[in-house]
Amino acid sequence: TEQFSKMVYLPDCQIFVKLLSQGKEQGYLAAVLGNLAVTERGRELLTDQSIFSELISLLTMPGNVTVRRSAACLFRNLSFDVKNHAKLLQFLPQLVYPLVGGEEIEEEEIDKLPIELQYLPEDKARESDRQTRNLISDTLFQMGGSYSVRKELREQNYYILLKKYDQWEEESDARERIQNVIYLIIQDDGEVDLRKEGELPVEIDVSEKEDLVNQKQFLVDSGENEPEVCNEGS
């Protein structure tokens, strides 16, 4: 992957992203871009302003789960580099959007949400692919290593949306991943070992996870704390 990244330039990435966003390529290029994000040079190319917003739009590509999953893998890989957190933070509503459903939310809670996530239709469907949902949860968890991200998650009331998703999710592994993100929101920073900006709290054994609304718990690591290869159709 490192050798391949040296052969790819920004115009190549721009063409790849354009083909994907126009629906002219079924997913192979999305996996290629996701794998580029494993390398430092690849991450620099993929966070260029000329293509980043189009990359985000691939998370909701209709009718193509391969593209959506590879895009989620790409953002997960980007999130392991703390230098990318500020860029990802600019698109936090778009990153969270696939996890959001159309459940009823009290008016006072809606008003605290980012405008992009307010008053969604009742038939708004969550991402149907569990692997894609997990990759997005992992991305949010890694981003939560930066204080600016935790601050935004708290102030913009993302808790209410992620809690709704947690209640909807049926897969235990997926629930644990999003609960790790919720813990970052509800936990006081002084109560966990945030060793320095960009690093996640140390893994702590927790025998039981109590109610997320009324109890504060220590953070549990997702156990997958390194970039991964994005496989087409996996």
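Predicted model: local features only at pLDDT ≥ 70, side-chain atom pairs only at ≥ 80, totals over all residues.
How many salt bridges does the structure hold? The count is 13.

1. **Overall make-up.** The chain has 13 helices and zero strands. From the N terminus on, the order of elements is α-α-α-α-α-α-α-α-α-α-α-α-α. The chain has 234 residues, and 52% of them count as buried. Look also at the contacts with a separation of 6 or more: residues 24 or more positions apart account for 73% of these.

2. **Arg-43 with Asp-81.** Start the salt bridges here. The closest N and O atoms of Arg-43 and Asp-81 are 3.3 Å apart, and the two residues form a salt bridge. Arg-43 sits in helix α4 (residues 40-46), and Asp-81 in the loop between α6 (65-79) and α7 (85-89), so this pair ties together parts 38 residues apart in sequence. Arg-43 and Asp-81 are both buried.

3. **Arg-133 with Glu-169.** Here the closest N and O atoms are 2.8 Å apart, again in a salt bridge. Distant parts of the chain are linked by this pair. Arg-133 belongs to helix α10 (residues 130-143). Glu-169 lies in the loop between α12 (158-168) and α13 (172-186), and the two residues are 36 apart. Buried or exposed? Both Arg-133 and Glu-169 are buried.

4. **Arg-177 with Asp-138.** These side chains meet in a salt bridge at 2.5 Å, N to O. Arg-177 is in helix α13 and Asp-138 in helix α10, so the pair ties together parts that are 39 residues apart in sequence. Arg-177 has 9% relative accessibility and counts as buried. Asp-138 is buried too, with a relative accessible area of 4%. The pair is also part of a network: salt bridges that share partners join Arg-76, Asp-138, Asp-173 and Arg-177. As a general point, side chains of opposite charge can pair when their charged atoms come close.

5. **Helices α6 and α10.** How do these two run relative to each other, parallel or antiparallel? Their axes come within 8 Å and cross at roughly 15 degrees. That angle is under 35 degrees, so α6 is roughly parallel to α10. The crossing of α6 past α10 is left-handed. On the α6 side, the residues that meet α10 are Arg-68, Arg-69, Ala-72, Cys-73, Phe-75, Arg-76 and Ser-79. On the α10 side they are Gln-131, Thr-132, Leu-135, Ile-136, Asp-138, Thr-139, Gln-142 and Met-143. By class, this contact has six nonpolar, five polar and four charged residues.

6. **Helices α12 and α13.** The axes come within 10 Å and cross at roughly 155 degrees. An angle over 145 degrees counts as roughly antiparallel, and α12 and α13 are therefore roughly antiparallel to each other. α12 passes α13 in a left-handed crossing. From α12, the contact uses Tyr-159, Leu-162, Lys-163, Tyr-165 and Asp-166. From α13, it uses Ala-174, Arg-175, Ile-178, Gln-179, Val-181, Ile-182, Ile-185 and Ile-186. By class, there are nine nonpolar, one polar and three charged residues.

7. **Glu-104.** This residue is placed in the loop between α8 (92-96) and α9 (107-110). Buried or exposed? Glu-104 has a relative accessible area of 73%, so it is exposed. Pro-121 is 17 residues away from Glu-104 in sequence, and their C-alpha atoms are 9.5 Å apart in space.

8. **Asn-157.** Here is another loop residue, found between α11 (147-155) and α12. Its relative accessible area is 11%, under the 20% cut-off, so Asn-157 is buried. Which residues does Asn-157 touch, not counting residues up to four places away in sequence? They are Glu-109, Lys-112 and Leu-113. Pro-114 is 43 residues from Asn-157 along the chain, yet the C-alpha atoms of the two are separated by 8.1 Å.

Definitions and conventions
Residues numbered from 1 in each chain as written. Heavy atoms only, no water. Salt bridge = Lys/Arg side-chain N within 4 Å of Asp/Glu carboxyl O. Helix = DSSP H or I, 4+ residues; strand = E, 2+ residues; numbered from the N terminus. Buried < 20%, exposed > 50% of the residue type's maximum accessible area, 1.4 Å probe, protein only. Axes fitted to C-alpha atoms, helices over the stretch in contact; angles between N-to-C directions. Parallel < 35°, antiparallel > 145°, perpendicular 65-115°, else oblique. Left-handed = near helix turned anticlockwise from the far one by under 90°. Contact = heavy atoms within 4.5 Å. Nonpolar A, V, L, I, M, F, W, Y, C, P; charged D, E, K, R; others polar.
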